[in-house]
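Here are some comments to read alongside the coordinates. They are set out as numbered points.

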Amino acid sequence: MTARISYDEVAVGTELPAQSFPVTRATLVQYAGASGDFNPIHWNEKFAKEVGLPDVIAHGMFTMAEAIRVVTDWAGDPASVVEYGVRFTKPVVVPNDDQGAVIEVSAKVAAKDDEARTVRVDLVAKSDGQKVLGMSRATVRLA
């Protein structure tokens, strides 16, 4: 695969299509199985509250992975992301109901590097109206 977006056709300020990602308790159990992270704060409400959390929370790496999907879907090739980093600012609280939580992600091209033919994409990830990732940035090599 190669990126389907041409570097020459992208300008600073280009907005990527925003996406929303639902998260339920079942999603967290599936992620725990895939990642091997069975920390009880991600599935046991009683334990999460005992350690001072408002409820069960999503895994930080899960939140990070969902957010970057906005970039990989836009670029057309996950391997086009050459660098990605975030700061975890707030947890994604996942209630035990039929709805769970939603991670809402938007992104914008913030800079271009003509020599490397890469763009820096800044992402904003929110849940329940609060920013859950800070300094969320990806460097993407385009076609």
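Which exposed residues are carried by the face of α1 turned away from its buried side? They are Q30 and A34.

1. Basis of the note. This is a predicted model, in which local features need pLDDT of at least 70 and side-chain atom pairs count only at pLDDT 80 or more, while totals for chains, interfaces and linings use all residues. Residues are numbered from 1 along each chain as its sequence is written, and side-chain values use heavy atoms, with hydrogens and water left out.

2. The two sides of α1. Helices (H or I, at least four residues) and strands (E, at least two) are DSSP runs, numbered from the N terminus. Buried stands for under 20% relative accessible area and exposed for over 50%, with partly exposed in between (1.4 Å probe, protein chains only). On these terms R25, T27, L28 and A32 are the buried residues of α1. They lie on the same side of the helix because they cover an arc of only 150° around the axis; the arc is that of the directions from the helix axis to the C-beta atoms. The exposed residues Q30 and A34 sit on the face turned away from that buried side.

3. What covers α1. The cover over the buried residues of α1 includes β1 (15-23), α2 (45-50) and α3 (60-75). Just after α1, G36 takes a positive phi of about 80°.

4. R25. This arginine is found in helix α1, which runs over residues 25-35. With a relative accessible area of 14%, R25 is buried. Contact is used for heavy atoms within 4.5 Å. Leaving aside neighbours within four places in sequence, R25 is in contact with W43, E45, D55, V56, V94, P95 and N96.

5. The R25 salt bridge. A salt bridge is a side-chain nitrogen of Lys or Arg within 4 Å of a carboxyl oxygen of Asp or Glu. The structure holds 8 salt bridges. In one of them the side chains of R25 and E45 meet, at 3.5 Å from N to O. That pair links distant parts of the chain, since R25 is in helix α1 and E45 in helix α2, 20 residues apart. E45 is partly exposed, at a relative accessible area of 27%.

6. A pair within α2. K46 forms a salt bridge with E50, and their closest N and O atoms are 2.6 Å apart. Both lie in helix α2, 4 residues apart, or about one turn of the helix. K46 counts as exposed at 59% relative accessibility, and E50 is exposed as well, with a relative accessible area of 54%.

7. R69 forms a salt bridge with E66, the closest N and O atoms being 3.0 Å apart. Because they are 3 residues apart in helix α3, R69 and E66 are separated by about one helical turn. An α-helix has 3.6 residues a turn, so residues three or four places apart point the same way. R69 counts as partly exposed at 35% relative accessibility, whereas E66 is buried at 11%. Elsewhere, salt bridges that share partners join R25, E45, K49 and D55 into one network.

8. A nonpolar surface patch. V29, F38 and W43 form a nonpolar patch on the surface, with about 340 Å² of accessible area together. F38 has its place in the loop between α1 and α2. Patches are made of residues with over 30% relative accessible area and no salt bridge, joining like charges within 9 Å and nonpolar side chains (Val, Leu, Ile, Met, Phe, Trp, Tyr) within 5 Å. Accessible areas come from the Shrake-Rupley method with a 1.4 Å probe; for residues, only the protein chains shown count as cover.

9. R117 has a positive phi of about 55° although it is not a glycine. R117 is found in the loop between β3 (101-113) and β4 (118-127), and is partly exposed, with a relative accessible area of 30%. Phi of D128 is also positive, near 55°, in a residue other than glycine. D128 is found in the loop between β4 and β5 (130-141) and counts as exposed at 78% relative accessibility.
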